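The stops below go from one selection to the next, with a short account of what is found at each.

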Amino acid sequence: MICCGIDVGSRTVKVVLFNSRTGKIVASGIRDQGADQEALAARLFDSVLKKRALRRRDVSGVVATGYGRQICPFADTTVTEITCQAKGVLRLAPRAMTVIDIGGQDAKLLRLDRDGVVRDFAMNDRCAAGTGRFLEVVAARLGVGLSELDAMASRSRKPSVINSTCVVFAESEITGLLAAGVAARDIAAGVRASLASRASRMAGRDVEDPVVFTGGVALLPGMAAALGAALGHSVLVAPQPQMTCALGAALCAAGL
Amino acid sequence: MNRPGKDVKRRAVARQACCRGTAPAARSRRQSLSPFRWFDDMISHCLDYAEQAKASRRPIVGIMCEYTPREIIMAAGAVPVCLCGGDADTIASAEKHLPSNLCPLIKSTYGYLVEKANPFLEMADLIVAETTCDGKKKMYELMARSRPMFVLELPQKENDADAFIHWKAQVLALKVELERRFDVRITDCALRAAIRDMNEERSLRRRLASLMKAEDPPLTGRRLLDLKSSISCIPEDLAMYRNALDFLESRKRRGVSNGRVRVLVTGVPMVHGAERVLDIVEEHGGLVVCMENCTGVKPILEDVDESGPDPIEALARKYWKLPCSVKTPNESRIESLRHLVGEYRPECVVELVWQACLTYDVESDAIKTFFTEGMGLPYLKIETDYSLSDSARIAVRVEALFEIVRRMGARREKGGARAVRAVAARSAAANRRMS
């Protein structure tokens, strides 16, 4: 039985097809977000099906999640990204107790109990402070891409201190640092540490191991170590960290 | 969004359509109105009432907190009216004088003053200001530049005998000020009459709130929230509370629960016009069975003692006990919440904190610990203001909260079934041994 999870996020859309009989992921796909989210999600869904020569009627259930979860007419139901993220992570790391997810425009922290039920969660609210968007703005200001920003940060020996977590304030703070002759790599390291410290503040005191890191920001090689340093816990990056939420949605569709 | 200014215009149109000479017809129509329809026009009724009071030379006294004993104002022959602002549109004007990082309730209230858009504030002969938070206290200083004001100082130490003595002196000072300003004598007899009226209103509203204790309550939290008035003890309102009780208590058909998650709401007040979070909760699968805040049951849980020798003492005592986060410590809030959880049986808790409301924000840590660790109830804090930009983000969190509640419920049922099977297996084994 093929089930589908679709995660319509702020920056990318992800689709996972899951075979509930074999317990395996059949196919998956990811696309950058655009203006016409509905058409984009539908095209991605069809192209992932095509990889395995499947058609929509071969899929027994579709669950949509993420901010755009309401815009998928082909979904049977919606489940929030909190529940889906927990399910997806637990499939890959069954003993996970804490999940940190940093995506394009939000950051989440989930605390799980021993049975894999979400005990508590925290999310950034109105603004995109401490999210992937923050890194994008800084990278653009420094004239580099996201991976280069991360690589630069790893070369720094003397990370500068960035106090602002607000994207707008941080940008003017960085302008000031550049004017003072601070090296771009030190600014990059400061920004990475500031993002990690914000995520660790969201986690508060009681962080239980294992901590699993998901979301697009987890793709940056130096980020997990920075987060680990801020939390005082080692941080495991989920395999395919952008896809865990869509996987969780597929598991919901399979009734698992 | 409802704001007095807009309601005034609607009322003026309505008045043209039905001229004042047809009072008996209007009265009979009023009797046939459903209580819900009646309270939909609450602001308009309050305006009528206030204008008539003003015409018969009764002073209008604005209040902005549940700590103010309305009874003393009523006993002075005046009309107490709540001035708390719930409209995002007035905030920009307020920010001409106030910092943007301030609670939206304070800013909206003050914005009405700047725009001269709240007819009750424009009519007010006196404003009673309460020192129930620093933001309000300093805003009142700006308001006092153009409005006659009396500041009622609330001491903050919950368990301090001296604090209560000071509070009682403040309540007495309010009485003296009203007597001086309006040239009246506030007799004990008038105070007792006002206390009886307010107790009657509190008791009716308490009975309405109690309907939510039912397994399948007859109305939503939003409907219940709408059953209240900016001016207390308007006779027609009291009649409508009774109508609502008759209608809802006798109703045989099914209630509104329909599998929705029972929610207790605590935190800051949701004043008229600022009910957005309540709507989000109820539009996403929740049923708010209890609102512990100042616009909910907090001020109506206790009455004023009618039997004591000193009505001022009785009033001071009742209002002193309100468990506001400005108090330190504020243990009676926890006690009240514990009691309400027992009575209303919520499955989870939503705490609302207006942005920059320092005292509720800080206190939320203790409230969260109490609910999650003390009561085993999932808890969600929502910090927001009056703008609508974060509604979708709030909805995600509310939906996730309900998913957690349902999963916990499913697990409990599974655990229950497992326990039943274990008992059955044990008794079967025992039976086998017996035979």
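## Chain B, overall

Begin by selecting chain B, which has 18 helices and eight strands. The model is a predicted one. Chain B runs to 435 residues, and 46% of these count as buried. Take the contacts in chain B between residues at least 6 apart in sequence: 73% of them join residues at least 24 apart.

## A buried alanine

Select helix H15 of chain B, residues 311–320, and pick out B:Ala316 within that helix. Is B:Ala316 buried or exposed? The threshold for a buried residue is 20 or more other C-beta atoms within 10 Å. B:Ala316 has 21 C-beta neighbours inside 10 Å and therefore counts as buried.

Now show what surrounds this residue. Leaving aside residues up to four places away in sequence, B:Ala316 touches B:Trp167, B:Lys168 and B:Val171.

Move on to the loop between H15 and helix H16 (331–344) of chain B, where B:Pro329 lies. The peptide bond joining B:Thr328 and B:Pro329 is cis, with omega about -20 degrees.

## Two residues with positive phi

Select B:Arg57, in the loop that runs between helix H4 (42–55) and strand E1 (60–63) of chain B. Phi of B:Arg57 is near 65 degrees, which is positive in a residue other than glycine. With 8 other C-beta atoms within 10 Å, B:Arg57 is exposed.

Next select B:Ala356, located between strand E7 (348–354) and helix H17 (358–375) of chain B, in the loop. B:Ala356 is not a glycine, but its phi is positive, at about 70 degrees. B:Ala356 has 17 C-beta neighbours inside 10 Å and counts as partly exposed.

## Helices H11 and H13 of chain B

Display helix H11 (residues 188–210) and helix H13 (residues 235–249) of chain B; their axes come within 10 Å and cross at roughly 25 degrees. How are H11(B) and H13(B) oriented, parallel or antiparallel? Angles under 35 degrees count as roughly parallel, and H11(B) and H13(B) are therefore roughly parallel to each other. The crossing in which H11(B) passes H13(B) is left-handed.

Show side chains for the contact. From H11(B) take B:Glu200, B:Glu201, B:Leu204, B:Arg205, B:Arg207 and B:Leu208. From H13(B) take B:Leu238, B:Tyr241, B:Arg242, B:Ala244 and B:Leu245. Coloured by class, this contact of H11(B) with H13(B) has six nonpolar and five charged residues, and no polar ones.

## Across to chain A

Show both chains. The contact between them takes 14 residues from chain A and 15 residues from chain B. Which helix gives the largest share of the side of chain B that touches chain A? Helix H18 (residues 391–434) of chain B does, with 11 residues. By class, the side of chain B that touches chain A divides into eight charged, five nonpolar and two polar residues.

## The two domains of chain A

Nine residues of domain 1 of chain A are in contact with 14 residues of domain 2 of chain A. On the domain 1 side, helix H2 (residues 81–92) of chain A gives the largest share, four residues. That side of domain 1 divides into six polar, two nonpolar and one charged.

## Helices H3 and H5 of chain A

Select helix H3 (residues 132–142) and helix H5 (residues 167–179) of chain A, whose axes come within 10 Å and cross at roughly 25 degrees. H3(A) and H5(A) are therefore roughly parallel to each other, and H3(A) passes H5(A) in a right-handed crossing. A:Arg133, A:Phe134, A:Val137, A:Val138 and A:Arg141 of H3(A) meet A:Val167, A:Ala170, A:Glu171 and A:Ile174 of H5(A). The residues of this contact are six nonpolar and three charged, with no polar ones.

## Last stop

Finish at A:Pro210, in the loop between helix H6 (184–203) and strand E9 (211–214) of chain A. The peptide bond from A:Asp209 to A:Pro210 is cis, with omega near -10 degrees.

Technical notes
Residues numbered from 1 in each chain as written. Chains lettered and ligands numbered in written order. Predicted model: local features only at pLDDT ≥ 70, side-chain atom pairs only at ≥ 80, totals over all residues. Contact = placed C-beta atoms within 7 Å. Nonpolar A, V, L, I, M, F, W, Y, C, P; charged D, E, K, R; others polar. Axes fitted to C-alpha atoms, helices over the stretch in contact; angles between N-to-C directions. Parallel < 35°, antiparallel > 145°, perpendicular 65-115°, else oblique. Left-handed = near helix turned anticlockwise from the far one by under 90°. Buried ≥ 20, exposed ≤ 12 C-beta atoms within 10 Å, placed from the backbone.
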